[in-house]
Amino acid sequence: MTTNTDPRKPKVTPQILLFICVMLVATNLRAPFTAMAPLLDMIQNALNVGTSEAGIVMAIPLFAFMLFSPFVPMITRKTGLENGLLYTVILIGLGILLRSFGGLSFLYLGTAIIGLGIAAGNVILPSYIKLKFPHKIPLVTSSYVLTMGLTAAISSAIVIPLAQVHDLNWRFAAGAFVILPIITVILWAPQARKSTKEKMGDITKQYLSPIWRYALAWQVTFFFACNSILFYAMISWLPSIFNEIGLSPEKSATLHGALQLASAVPGLILVPLINRTKDQRGIATLVAIFNLLGLLGLLLLPAWATFWTIIIGLGTGGGFILALSFMGLRTSNSDRAASLSSMSQTIGYLAAGAATLVLAKVAEANDSWQPILIICMALCVTQGLIGLFAGRSIQISYD
């Protein structure tokens, strides 16, 4: 009996299918949050609230990241990583639906639920990649960060046209993003049957020493925190900085999308660099320099705002990929990676959320955004110095 299989026909292996599913999860981990920024004016008008009330929509997820991240490893040890990611996406979908119906309280509550889901996904994915792709951590990490950035950039570009479909109805535009978790749940559900709960439990019993006891864990955490502050400060306040420079609101919105798109590009560049270097100290210094140059350029040559925005996007995007890679590269198993991811993101997002609000107060007190650029430049120097420690080719040792 003969078969008609063609050896030249490409085969979708289980590993490739798993990679695709991971990328689908990644589509849910930024766009439902950042795409709300262009809708804030519509939300203000529709709900009759001020700028500060509408702006809370952008701060809630950061604090949700901070509050929920410490509990994610404990939960996933009981549910397994695959089920944890499934519940993550379901949470995001429920939050999207909830925020799109009702008044301001529903908007806040739905946004908080989305933040909880994104927080869980941000913590679980580096651990899952460590477990399932141990020899391809930089490749898979950069690929999912690229996917996050591209999805966020496209979402920011289409959210206003979506609202215009129904006469500037922000609810329709915000609710339309539920398609992402629906598709992901359908395709991820078969993976959820393969629980890693027992494997994770065995590793946890073997290594009980708290992750925060290690200096290297704090170095990775501070690197992530510096990059988070820079990225979310720019996401939140770059349009205001552009308005002060003299750009039109339309131009500011376009550059806001360009920032997110540029942050996705390093995913195509950093993989070969990380794979070919013994450590990542040089790369960490490079991303800090990019951030510094972009901010300095905005301060001294604002006419080149488009160029400097792209530079900042490249720097913060590269820093994010590097920080996530550190969580796998600086640990020797998936449980430790989850613990380091949880620690880094808890402290990092607390710092980012607090800094976003504090920087706004500083700008308001000085009636200028220039002090913010100077503060962020000092943070870039700090990021570069910390990267010299976090980027070393060593792993957290166990007691």
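Which backbone oxygen does the side chain of Thr27 reach? In this predicted model, the side chain of Thr27 comes to the backbone oxygen of Leu24, at 2.5 Å. Let us start our walk there and look around.

Thr27 sits in the loop that runs between helix α1 (14-26) and helix α2 (31-34). Is Thr27 buried or exposed? Thr27 has a relative accessible area of 12%, and because the cut-off for buried is under 20%, Thr27 counts as buried.

If we set aside residues up to four places away in sequence, Thr27 touches Pro32, Thr147, Thr151, Leu180 and Thr184. Folding also brings in Ala152: this residue and Thr27 are 125 residues apart in sequence, yet their C-alpha atoms are 7.9 Å apart in space.

Let us step across to one of those partners, Thr151. You will find Thr151 in helix α8 (residues 137-165). With 13% relative accessibility, Thr151 is buried as well. Leaving out residues up to four places away in sequence, its contacts are Thr27, Ala31 and Leu180. Leu180 is therefore a residue that you can find beside Thr27 and beside Thr151, given that a contact means heavy atoms within 4.5 Å.

Our next stop is another buried residue, Ser344. Ser344 belongs to helix α17 (residues 334-366), and its relative accessible area is 0%, so it counts as buried. What does the side chain of Ser344 meet in a polar contact of 3.2 Å? The partner is the side chain of Thr221. Apart from neighbours within four places in sequence, Ser344 is in contact with Val220, Thr221, Phe224 and Met327.

Helix α16 (residues 305-329) and helix α17 have axes that come within 8 Å and cross at roughly 140°. This angle makes α16 oblique to α17, because an angle has to be over 145 degrees to count as roughly antiparallel. Which residues do the two helices bring together? From α16 come Phe320, Leu324, Phe326 and Met327, and from α17 come Ala337, Leu340, Ser341, Ser344, Gln345 and Tyr349. Sorted by kind, the residues of this contact are seven nonpolar, three polar and no charged.

For charged residues, then, we have to look elsewhere. Side chains of opposite charge can pair when their charged atoms come close. How many salt bridges does a search of the whole structure find? The search finds two.

One of them joins Glu82 and Lys132, whose closest N and O atoms are 3.8 Å apart. This pair links distant parts of the chain, since Glu82 is in helix α6 (residues 81-99) and Lys132 is in helix α7 (residues 104-132), 50 residues apart.

Terms used: Residues numbered from 1 in each chain as written. Predicted model: local features only at pLDDT ≥ 70, side-chain atom pairs only at ≥ 80, totals over all residues. Heavy atoms only, no water. Salt bridge = Lys/Arg side-chain N within 4 Å of Asp/Glu carboxyl O. Helix = DSSP H or I, 4+ residues; strand = E, 2+ residues; numbered from the N terminus. Buried < 20%, exposed > 50% of the residue type's maximum accessible area, 1.4 Å probe, protein only. Polar contact = N/O pair within 3.5 Å; in protein donor to acceptor, adjacent residues only side chain to side chain. Axes fitted to C-alpha atoms, helices over the stretch in contact; angles between N-to-C directions. Parallel < 35°, antiparallel > 145°, perpendicular 65-115°, else oblique. Nonpolar A, V, L, I, M, F, W, Y, C, P; charged D, E, K, R; others polar.
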